[in-house]
Amino acid sequence: MVESHTQWIEGLVASNIHWTPNLFSLRIEADVAPFEAGQYTSLALEIGGVRVAQPYSILSVPDTTPLEFFFYTQLDGQLSAELGRLHPGDRVWVKQIPEGRFTLDQVPPGRDLWLLATGTGVSPFLSLLRTPEPWQRFEHIVLVYAVRQWSDVAYGDVVAQLQAQYGERFTFVPFVSREKVENTVHGHIPASISNGTLERVAARGMSTQNSRFMLCGNPGMVQDALSALQQRGFVRSEEGRTGHITLEAYW
Ligand SMILES: Cc1cc2nc3c(=O)[nH]c(=O)nc-3n(C[C@H](O)[C@H](O)[C@H](O)COP(=O)(O)OP(=O)(O)OC[C@H]3O[C@@H](n4cnc5c(N)ncnc54)[C@H](O)[C@@H]3O)c2cc1C
């Protein structure tokens with residue numbers, strides 16, 4: 001599709017929070033069209049006279065301002081590094097109409113909603129969990145947030161607020177792969193599905209009748225978790241077919 005420049009609007013950076021040398025969040029004032037939790041929009045900067053754009057999940061809650069995004073940097077690529085250098089008052093291009101089908105309306109009814117994320121893949125879930133809909137539709141929600149080091153767990157305040165608000169209806173399961181940390185799972189999401197660790201730690205069984213899954217982030221995790229779930233009889237939602245698993249891979 002040929003991209004029209006009229007789809008881009010100027011956004012104004014309201015803040016840039018650096019959580020670690022590799023992770024930061026931007027708040028951006030931009031008059032985008034209404035969006036659903038789980039959707040993304042594209043951000044762009046002019047780099048060497050060329051507009052460089054990438055898609056980013058929206059972490060903020062629909063109908064609130066400013067927009068918020070959570071980034072991993074220190075990559076080979078250009079855009080994430082440049083976005084990390086922005087300051088309040090700087091301008092950034094924002095696609096006016098958010099898009100994407102990684103939303104709750106792609107998830108069929110069930111009892112338990114399992115949200116499985118690596119790194120910045122937690123963004124759509126932090127938006128979704130702060131809307132009423134998942135809590136109206138599901139009895140119990142498990143958020144799995146997998147990182148390399150404990151210091152990579154950002155948005156602890158949002159998680160704490162959800163725990164306070166929803167109590168036993170909400171289970172938070174942090175995974176840390178590169179160091180051993182008390183009260184976290186040391187390892188990776190796909191293996192924990194296959195060997196039963198995730199169900200044990202979450203104190204909740206998985207079944208095709210009760211469990212619905214959303215997977216987001218690193219494509220290796222997404223693919224391997226999908227395979228682990230498929231081996232247990234779960235089916236992926238695809239165009240024209242509703243299944244138990246909805247997914248979004250970031251690269
Ligand atoms: C629908 C969608 C939503 C996305 N949402 C986010 C988001 O909320 N936050 C975010 O940081 N990125 C997100 N991404 C990835 C983002 O679009 C860019 O790919 C990323 O910022 C790297 O862009 P770049 O131009 O700096 O480097 P590129 O040259 O595009 O990427 C360099 C390499 O970095 C790796 N990489 C890309 N994204 C990540 C990541 N998030 N974490 C770790 N490694 C990565 C890949 O190996 C990639 O080949 C999303 C991608 C998609 C498709």
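Residues are numbered from 1 along each chain as its sequence is written, and side-chain values use heavy atoms, with hydrogens and water left out. Because the model is predicted, local features need pLDDT of at least 70 and side-chain atom pairs count only at pLDDT 80 or more, while totals for chains, interfaces and linings use all residues.

Select Gly 89 to begin, in the loop between helix H1 (79-84) and strand S6 (91-95); helices (H or I, at least four residues) and strands (E, at least two) are DSSP runs, numbered from the N terminus. Gly 89 is partly exposed, at a relative accessible area of 46%, where buried means under 20%, exposed over 50% and partly exposed in between (1.4 Å probe, protein chains only). Beyond its neighbours within four places in sequence, Gly 89 is in contact (heavy atoms within 4.5 Å) with Leu 12 and Val 13.

Next, select strand S11, residues 211-217, where seven of the seven residues are buried.

Then show strand S12 (residues 245-249), which is parallel to S11 and connected to it by five bridges, with Leu 215 standing opposite Leu 247 in S12.

How values were computed: Two strands pair if DSSP finds at least two bridges between them.
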